[in-house]
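Here is a colleague's note for someone opening this structure for the first time. Please read the points in order, with the model in view.

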Amino acid sequence: ICSSPDYHNCPAPGMPEYAFIGRSNVGKSSLINMLTGQKELARTSSTPGKTRLINHFLIDENWYLTDLPGYGFARISRSERTQWLGMIRDYLQFRKNLLATFLLVDARLEPQRADTDFIHWMGSNMLPFLIVFTKSDKLSGSKLDSNLSRYRAFLHKTWEELPRIITASSVNGLGKDEILDFIKEANTVFRS
Ligand code: GTP
Ligand code: MG
């Protein structure tokens, strides 16, 4: 329904909201399309950095889903990066109706600094989030399991309690029910 340059310009916070964030090209827009069952709702691209604004989607006239710009794309100046980070952090900290953030990480990769820095920042600020392992269709089951264990072990070096981790694929729909069930449940909490 709208694209905003910062949280001040976002729609009125009258409905529960869930944000999707992650490094550029991790598959945020694809996951949003998979969850909503609409092929071209969020624009996808093989060119990193396509999403630059806070994009609000109103789902079932009932809750908001936001597609945030990816972090970590190379062709961006230091001042642009600082400005982007401030904008996103303000949104995540001050958006009143934001119930949870889905942080997407590429299931194929070992923990990436940009992601783990972000995880530490979210945890330190006590902001609720889940981790979504994307592009799981590109891995065998055993490789996926070992990458998941590696990720958990890495996070356990810092955190006693870990966020929920959901395995997903925009190609075969894995993770769709788990993510939507979480949202459905959280929506009832918001209403009550
Ligand atoms: P930015 O908006 O640039 O931050 O990127 P994004 O995170 O929105 O990524 P996007 O959804 O545009 O996907 C990037 C590329 O990865 C595209 O070529 C997608 O087709 C591909 N892709 C995304 N999700 C999956 C997945 O689950 N499996 C596979 N195999 N490819 C995927
Ligand atoms: Mg995108």
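1. Lys-135 is found in the loop between β6 and α4, where helices (H or I, at least four residues) and strands (E, at least two) are DSSP runs numbered from the N terminus. Lys-135 has a positive phi of about 60 degrees although it is not a glycine, and with a relative accessible area of 21% it is partly exposed. On this scale buried means under 20% relative accessible area, exposed over 50% and partly exposed in between, computed with a 1.4 Å probe on protein chains only.

2. A word on the basis of these values: this is a predicted model, in which local features need pLDDT of at least 70 and side-chain atom pairs count only at pLDDT 80 or more, while totals for chains, interfaces and linings use all residues. Residues are numbered from 1 along each chain as its sequence is written, chains are lettered from A and ligands numbered from 1 in the order in which they are written, and side-chain values use heavy atoms, with hydrogens and water left out.

3. Asn-25, in the loop between β2 and α1, also has a positive phi, of about 80 degrees, although it is not a glycine. Its relative accessible area of 39% makes Asn-25 partly exposed. Most residues other than glycine have a negative phi.

4. Helix α1 (residues 28–36) packs against helix α5 (residues 176–191) at an angle of about 80 degrees, and their axes are 10 Å apart; the axes are lines fitted to C-alpha atoms, for helices over the stretch in contact, and angles run from 0 to 180 degrees between N-to-C directions. That makes α1 roughly perpendicular to α5, since angles of 65 to 115 degrees count as roughly perpendicular. Leu-31, Met-34 and Leu-35 in α1 meet Lys-176, Ile-179 and Leu-180 in α5, contact being defined as heavy atoms within 4.5 Å.

5. The largest nonpolar core has 29 residues, of which Leu-68, Tyr-91, Leu-92, Leu-103, Phe-118, Ile-131 and Phe-133 touch the most other members. Such a core is a set of buried Ala, Val, Leu, Ile, Met, Phe, Trp, Tyr and Cys residues joined through side-chain atoms within 4.5 Å. Two or more residues come from each of β2 (17–22), α2 (78–94), β5 (98–106), α3 (113–124), β6 (129–134) and α4 (141–156), and α2 gives the largest share, five residues. A second, separate core of 21 residues includes Ile-32, Met-34, Ala-100 and Ala-186.

6. The structure holds six aromatic pairs, meaning rings of Phe, Tyr and Trp (its six-membered ring) whose centres lie within 6.5 Å, with planes under 30 degrees apart counted as stacked, over 60 as edge-to-face and the rest as tilted. One of them joins Phe-102 and Phe-182 edge-to-face, at 5.8 Å centre to centre and 85 degrees between the planes; Phe-102 in strand β5 and Phe-182 in helix α5 are 80 residues apart. Phe-102 is buried at 0% relative accessibility, whereas Phe-182 is partly exposed at 22%. Ring pairs link Phe-20, Phe-102 and Phe-182 into a cluster.

7. Which residues does Leu-99 contact, leaving aside its neighbours within four places in sequence? They are Pro-16, Glu-17, Tyr-18, Pro-128, Ala-186 and Phe-190. Leu-99 lies in strand β5 and is partly exposed at 27% relative accessibility.

Technical notes:
Angles under 35 degrees count as roughly parallel, over 145 as roughly antiparallel, 65 to 115 as roughly perpendicular and the rest as oblique.
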